[in-house]
Amino acid sequence: MDMVGVVYASRATKEMQSDDIDRLLVSSRAYNASVGVSGVLLYGRKQFFQYFEGTQEGVDDVYERVRRSSLHTDIVELENAPISHRVFNRWFMGFSEVPESVLQKLSQEQWVRERPWMEGHETTSDGLRRLLAFIDESTVQQGN
């Protein structure tokens, strides 16, 4: 089965509050799982940076949903290409701000556990390297 990976960046239409992020986490995880898509969504400094992967059909479904979302604007596609295998087997969300809820804290902990594997993985794409750079830049700017 052919797999595809997509990376994009966008700007939040408003500052995301803790409840907004929790709703996004629950909704995205459920929908993405229903169409067999996994990946990671990072949020910080009123910006989103997302990588998601799956079959072409699943990725197309998720990407259409992403494009229709009123939570963000100025979507810039950075990569949309075939991949040889999944990098993420589950769906994660990372933050450059301190998570405020238990759900956000657990999501951040999953991201932190998976990240070292991604950095050392020889098949990391340009898009995933950009994703890692985004979170590194956010961390440096916040003095973490």
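These legends go with close-up views of a predicted model.

Residues are numbered from 1 along each chain as its sequence is written. Local features need pLDDT of at least 70 and side-chain atom pairs count only at pLDDT 80 or more, while totals for chains, interfaces and linings use all residues, and side-chain values use heavy atoms, leaving out hydrogens and water.

**View 1. The largest nonpolar core.** Here we look at a set of 17 residues, a core being buried (under 20% relative accessible area, 1.4 Å probe, protein chains only) Ala, Val, Leu, Ile, Met, Phe, Trp, Tyr and Cys residues joined through side-chain atoms within 4.5 Å. Phe-48 and Phe-52 touch the most other members. Strand 1 (3–12), helix 1, strand 2 (38–44), strand 3 and helix 2 each give two or more residues; helices (H or I, at least four residues) and strands (E, at least two) are DSSP runs, numbered from the N terminus.

**View 2. Around Phe-52.** Setting aside neighbours within four places in sequence, the contacts (heavy atoms within 4.5 Å) of Phe-52 include Val-4, Val-6, Tyr-8, Val-59, Val-62 and Tyr-63.

**View 3. A second core.** Nine residues form this separate core, among them Val-40, Leu-42, Tyr-51 and Ile-83.

**View 4. Confidence along the chain.** Average pLDDT (the predictor's confidence in each residue, from 0 to 100) is 78 for the protein, and 65% of the residues score at least 70. Helix 2 has the highest confidence, at 97, and helix 3 (residues 102–120) the lowest, at a mean of 58. Over residues 139–144, pLDDT stays under 50, and the model has five contacts there beyond four places in sequence.

Key. Buried means under 20% relative accessible area, exposed over 50%, partly exposed in between (1.4 Å probe, protein chains only).
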